[in-house]
Each structure stands twice: as structure tokens, then as C-alpha cells.
Amino acid sequence: MYYNNKRLALSIFWMVLGIVLIILTVTDVLDQSIYAGMGGALTTVGFLQMMRNLRYRKDEDYREKIDTEFGDERNSFLRMKSWAWTGYIVVLAEGIGVVIAMITGQELISRVLSWSVCLIVGIYWVTYMVLSRKY
Amino acid sequence: MKNRIEEIRNEKGIKQEDFAKLMGVSRQTISSLENGRYNPSILLAHKIAAYFGMAIEEVFIFEEE
């Protein structure tokens, strides 16, 4: 069962958070329009997730489709593999970015990208250690 | 790893889509299994073999590379 009460509560939370952000921006409590944008995005995502959740409860065919989609082991494998590739590509792209930024004298960008690579590698290392204890 | 899923499924006259539903996976997964593009987990392999009433090694043929 993919869409459960926990996911419904989470979608309502995102929606409420989004609405609060919009209200705070409209009433000038928050003065940057970026918060209104974030609020709009959160409200939309929360609303769509909530509608999916409700449809999942009512529509048996849809429930079967979603359960197959998220329970299917090949799909899980593809999702995991895609994340792994994404990670490799991001680290590689950032590494190239560091070199280009250094050559062009963009020291700040170079430093930020270097830290980002270090952070990703650090997260990978911690994740690996945690998973190797679990499995 | 080769397998005889398509052969046995056809013998039993089951459509790919129906077989996918029975196994609780997508049709694409069955298609990938049959084409040898994807190797199943031991759980799915067991489920498939049990459905056919066979041992896993009768359905899946392990070949050392």
C-alpha cells in the first residue's frame, strides 16, 4: 500500500506550509517574493499528492497501477541506478567545474564547488558505512 | 543468466500482461526478464518458479561468464 495515512498527512502538511508562506508574503511579514514562489510550489505539490492519495483510496485500478509501479523490483532497481548515475555525473561535473573555475580565476566558485564535491563524497562515505553495518 | 520464462509462459498460454499481474510486477519487468536484460531477485525468481511448479534452476539457467 503506497499511499497511506502518513503520506496523506505529509501532503496536507506541505499544502498548509505553502499556504502559510503565501499568507506571510501577502501580509508583508516576509518581504521576499521567493517565499511566495516556494509557498505556491509547496501548495501545488501537496494538493496534487493529496488528490493522488484520495484517488488511490477510491479507484481500484489506479491503486493496482500505483502498487505495481512502486512495488515493482525492476522500477526500484532503475530508480536506485538512476540516483547512482546522477551522483557520479554531479561529482564529475563539479570536478570539471572546479578546474575550469580555477583556470578562469573564479576562486569563489572553485572553492564552493570543491566543498560541494567534498560534501557529496563525505555523505557517500557515511552512507556506505551505515549500509555496510545494516547489510 | 538465461531463463525459460517465455517458453514456459507460452506453453501455459498466459499473456505477458496477465503473468505480470500474477507476479505483482510490471509488464516491462517480465519483458526485460524474458529478453535477459534484467536478472530477478531471488524472491521474484522463487515466485516465478513456484507459479510454474518448478525448481528455480529449471526456469533460470545459470551460466558462468
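Me: Which residues of α5(A) meet α4(A)?
Reply: This is a predicted model, where local features need pLDDT of at least 70, side-chain atom pairs count only at pLDDT 80 or more, and totals for chains, interfaces and linings use all residues. Residues are numbered from 1 along each chain as its sequence is written, with chains lettered from A and ligands numbered from 1 in the order in which they are written. Two residues are in contact if their C-beta atoms, placed from the backbone, lie within 7 Å. From α4(A) come A:G87, A:V90, A:V91, A:E94, A:G95, A:G97, A:V98, A:A101 and A:M102, and they meet A:I109, A:S110, A:L113, A:S114, A:S116, A:V117 and A:I120.

Me: Are α4(A) and α5(A) roughly parallel or antiparallel to each other?
Reply: α5 covers residues 107-134 of chain A, and its axis is 8 Å from that of α4(A), at an angle of about 155°. Angles over 145 degrees count as roughly antiparallel. The two helices are therefore roughly antiparallel.

Me: What is phi of A:D28 near?
Reply: Most residues other than glycine have a negative phi. A:D28 is a residue other than glycine with a positive value, near 65°.

Me: How many residues does the contact take from chain A and from chain B?
Reply: On chain A, α3 (60-71) and α4 (73-103) each supply at least two residues of the side that touches chain B. The contact takes seven residues from chain A and nine from chain B.

Definitions and conventions
Helices (H or I, at least four residues) and strands (E, at least two) are DSSP runs, numbered from the N terminus. Axes are lines fitted to C-alpha atoms, for helices over the stretch in contact, and angles run from 0 to 180 degrees between N-to-C directions. Angles under 35 degrees count as roughly parallel, over 145 as roughly antiparallel, 65 to 115 as roughly perpendicular and the rest as oblique.
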